[in-house]
Amino acid sequence: MIKRILFLLVLIFLISQFLRPTKNEASYDSIATFEAATIVSAEVKTILQNQCYDCHSNVTRYPWYMEVSPISHWMAYHIKEGKEHFNVSEWESYTDKQKNHKLEEFVEEIEKKAMPLESYTWMHGKLPDSDAEKLINWAKQTSDAITKGKEEPQEKVTDSLPVKVSDSTVVDSI
Ligand code: HEC
């Protein structure tokens with residue numbers, strides 16, 4: 001009886017290897033856009049690459065154990081969930097308000113030690129306090145820069161618009 005059950009389990013395990021989840025492997029360009037927009041230092045970049053991008057971007061690195069079912073499915077689920085909440089590859093599609101909100105959550109999650117997910121730290125190690133501090137400082141600076149930068153383009157647009165409109169109406173009426 002036990003032998004049969006074991007045999008069945010092994011069989012299920014082997015068959016499940018053919019049911020591969022779709023991989024999360026887009027080009028790094030989508031992340032590079034985010035890194036340029038948020039002025040990520042080389043140091044912060046390395047921390048994000050090692051601790052966050054696997055679940056919060058369209059580019060996941062796949063060590064061999066992540067290719068093995070059921071771990072592959074479990075990881076795919078985390079990636080899907082993580083990306084739904086915060087995806088650096090979609091950074092440019094967020095409004096300034098959303099960007100600031102994500103950065104606020106980013107700081108909160110790190111302060112609570114909720115990110116990276118605990119299961120991820122089994123293989124990748126915990127986020128050292130000194131790295132956590134660097135990430136928090138970077139997120140706060142980025143958020144400040146977004147808030148400050150927001151006012152300039154708005155003023156420019158309203159200044160230049162009436163001029164253009166009146167120019168064309170003058171031409172039209174002659
Ligand atoms: C193993 C996958 C994984 C890794 C690695 C990971 N996250 Fe997450 N993250 C998730 C999942 C899943 C969620 C959504 C569910 C939750 O909040 O627990 C999430 C949610 C978030 C959120 C949004 C929280 C909210 O309130 O909506 C932020 C911000 C975040 N993570 C930041 C980070 C940062 C920063 C790192 C790196 C230090 C990181 N994560 C590493 C999987 C991951």
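Residues are numbered from 1 along each chain as its sequence is written.

Confidence, then. pLDDT is the predictor's confidence in each residue, from 0 to 100, and the protein averages 89, with 86% of the residues at 70 or above. Helices here are DSSP runs (H or I, at least four residues), numbered from the N terminus. Where pLDDT is low, the predicted coordinates should not be read in detail.

Now the ligand. It has 19 residues around it, and the closest are Cys52, Cys55, Glu81, Gly82 and Met115; to count as near, a residue's C-beta atom, placed from the backbone, must lie within 6 Å. Helix 4 (53-56), helix 5 (71-85) and helix 6 (96-111) each give at least two residues to that shell.

Let's stay with Glu81, which sits in helix 5. Glu81 counts as exposed because it has 11 C-beta neighbours inside 10 Å; the cut-offs are 12 or fewer for exposed, 20 or more for buried, and partly exposed in between.

Last, the largest nonpolar core: 18 residues, with Leu135 and Trp138 among those touching the most other members. Such a core is a set of buried Ala, Val, Leu, Ile, Met, Phe, Trp, Tyr and Cys residues joined through C-beta atoms within 7 Å.

Technical notes
Predicted model: local features only at pLDDT ≥ 70, side-chain atom pairs only at ≥ 80, totals over all residues.
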